[in-house]
Amino acid sequence: RTDCPHLEGGLTQLGPFSAGENVDVTSNSIIRACSTENDVILGRITVRSGARLIFDDANYVLKVREIFVEPNAELIMGSPTCRLYGSIHIQFFGTTGTSNHVNL
């Protein structure tokens with residue numbers, strides 16, 4: 001495997017999190033398995049323009065109400081030359097809305 005985003009230097013580790021917490025990703029950040037250990041449901045994760053949210057290669061569950069990736073931001077799980085072997089589950093909680101847009 002080459003060019004693995006989760007192995008880059010200088011990544012900001014997110015977490016641990018509190019129940020209902022809204023997370024603003026403003027720099028190149030990583031979610032690791034240890035960030036999600038306390039089994040809380042997050043509010044909203046917002047990946048701001050110019051930032052990248054990178055998922056670690058591990059087994060974990062991320063529970064969240066919503067994830068919003070702004071224009072010029074990235075949500076990354078592996079790369080074409082770096083397949084992830086971990087079991088990453090993202091579970092969304094809340095009620096189903098009647099529209100297909102996100103309120104900012």
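Secondary structure here is read from DSSP runs, in which a helix is a run of H or I of at least four residues and a strand is a run of E of at least two, with elements numbered from the N terminus. On that basis the protein contains eight strands and zero helices, and the order of its elements from the N terminus on is β-β-β-β-β-β-β-β. The model is a predicted one, in which local features need pLDDT of at least 70 and side-chain atom pairs count only at pLDDT 80 or more, whereas totals for chains, interfaces and linings use all residues. Residues are numbered from 1 along each chain as its sequence is written, and side-chain values use heavy atoms, with hydrogens and water left out.

Of the protein's 104 residues, 37% count as buried, a term that denotes under 20% relative accessible area, computed with a 1.4 Å probe and protein chains only. The protein exposes about 6,300 Å² by the Shrake-Rupley method with a 1.4 Å probe, and carbon and sulfur atoms supply 47% of that area. Where contacts (heavy atoms within 4.5 Å) join residues at least 6 apart in sequence, 52% of them link residues at least 24 apart.

A search of the whole structure for disulfides, defined as pairs of cysteine sulfur atoms within 2.5 Å, finds one. C4 and C82 form this bond, with their sulfur atoms 2.0 Å apart. The pair links distant parts of the chain, 78 residues apart, since C4 lies in the segment before β1 (12-13) and C82 in the loop between β7 (74-76) and β8 (88-92). The torsion about the S-S bond of C4 and C82 is about 100°, and the disulfide is therefore right-handed. Both C4 and C82 are buried.

Methods. Buried means under 20% relative accessible area, exposed over 50%, partly exposed in between (1.4 Å probe, protein chains only).
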